[in-house]
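Open the model in your viewer and keep the selection panel at hand. The tour moves through a sheet, then to a pair of helices.

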Amino acid sequence: MARRVVVTGMGILSPNGNTVKEAWQNTKNGVNGIGPLTKAGAEGLPVHFAGQLKNLDVLDFLDKKDARRMDEYAQYGVIAGDQAMADAGFSEENNPYDPFRFGVLVGSGIGGLDTMEKEITKLNERGFKKVNPLLIPMMISNMASGHLAIRHKLQGYNTTVTTACASGSHSIGDAFRMIKDGYMDAMLAGGAESPVKMLAISGFIGLHAVTTADKLERASIPFDLERSGFVIGEGAGVLVLEEYEMAKARGAKIYAEIGGYGATCDAYHMTAPEPQGAALARAMRVALEEAHIKPSEVDYINAHGTSTDLNDRTETMCFKEVFGEDAYKVAISSTKSMTGHSLGAAGGIEAIYSIMAIQDGFIPPTINYQIPDPECDLDCTPNTGRETNVQVAMSDNLGFGGHNAALLFKKVD
């Protein structure tokens, strides 16, 4: 018999805040976490804005020796994972689970890009003997999961999903399945990314994927007719997932239940979504069917909403295909309008915002929305959030390679 899976802990590093409380409050209020691109090495690029973390000193959270052995993306994932474990009430002295039944699945779209950039420069300028001997374990994308397992003595299923911008959502969905199907009792799951680097931004410029807008209020504008590309962001979002009866037995605080998960592939193009969106629509339907939820019962959709022409148009088409006339009734928003697109971390961060919408009964806005697009004519909650009873929320994300993911969260009485 399939088991129920619930969320009992959350941790986040976002351009809108370095705790769930701070990030959610700013997101509710429509605070724009995007600002001028200031990271060293990015000077002279035609990209002017980024969703960067603020007021974060990793040494407030990590031992100096540990921090030096982690790439930036892993630092972010570990800090968010530590937050989630503490939020769920776990500590070294207090974790009732069999360690072989508690796993970790934290994804990343790119992995250790910061380390890669620095060490390639060092190699070219100073020779191979100067390359960091920890280059490989710092660079590979499974190390956020690895470090979290070591820190919390979690010896269960441990892996990493790398499906570009769908990595965080797939990680949560795959972890959900591990518990639902009885392989694990608890999982740490989410995504982490640190892509605000010269190399990554240059690559996205070459793809014409990032905006070169010179006005902040016209940079990340999902579903707006004048959208011109995404704003790159960074951060991490990690959840603690547990089997429902076991979580209840230990008196855990339960935020929401994961009711369904859909994962498909466009099998169409390396970077462009399939124009009819058939595979994305299928992922949404699978999540709804698994959760035994009708489209009319969904109260909120946290959209992928990247502010690119193709994505927003295709995603809107899919909502109409899956939800029918109810597509015009459901509240939709893209929190990327406030955080930018954190690639592999997006699914983790946006899962948290979806869950907090259920917790707070509040739909966060899509800010800086000015000019309606006739092809994106659904309710994107423009500029101002609103209170409403949210029983069911969906979060969907897409990744290069045609990867699609949809997660369905619902309130637990």
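**Stop 1: one edge of the sheet**

Select strand β9 (residues 300-302) and β10: they pair in the parallel sense over three bridges. Asn-302 has Ser-333 in β10 as its bridge partner. Strands (E, at least two residues) and helices (H or I, at least four residues) are DSSP runs, numbered from the N terminus. Two strands pair if DSSP finds at least two bridges between them.

This is a predicted model: local features need pLDDT of at least 70, side-chain atom pairs count only at pLDDT 80 or more, and totals for chains, interfaces and linings use all residues. Residues are numbered from 1 along each chain as its sequence is written, and side-chain values use heavy atoms, leaving out hydrogens and water.

**Stop 2: the whole sheet**

Now show the 10 strands of this open sheet, in the order β5-β4-β6-β7-β1-β8-β14-β13-β9-β10. The pairing is mixed. β5 (158-159) and β10 (331-333) stand at the edges, each with a single partner strand, so one side of each has no neighbour in the sheet.

**Stop 3: strand β6**

Select residues 186-193. Is strand β6 buried or exposed? Eight of its eight residues are buried, so β6 is largely enclosed by the rest of the structure. Buried means under 20% relative accessible area, exposed over 50%, and partly exposed in between (1.4 Å probe, protein chains only). Color the two faces separately. Ala-186, Leu-188, Gly-190 and Ala-192 lie on one side. Met-187, Ala-189, Gly-191 and Glu-193 lie on the other.

Strand β4 (residues 102-107) runs parallel to β6, joined by six bridges. Here Gly-103 stands opposite Met-187. Strand β7 (residues 235-243) runs antiparallel to β6, with eight bridges. Find Ala-189 opposite Leu-239 there.

**Stop 4: a helix pair**

Select helix α3 (residues 72-87) and helix α6 (residues 143-152). They pack at about 40 degrees, with axes 9 Å apart. Axes are lines fitted to C-alpha atoms, for helices over the stretch in contact, and angles run from 0 to 180 degrees between N-to-C directions.

Show the side chains where they meet. Contact means heavy atoms within 4.5 Å. From α3, pick Tyr-73, Ala-74, Gly-77, Val-78, Gly-81, Asp-82 and Met-85. They meet Met-143, Ala-144, His-147, Leu-148, Arg-151 and His-152 in α6.
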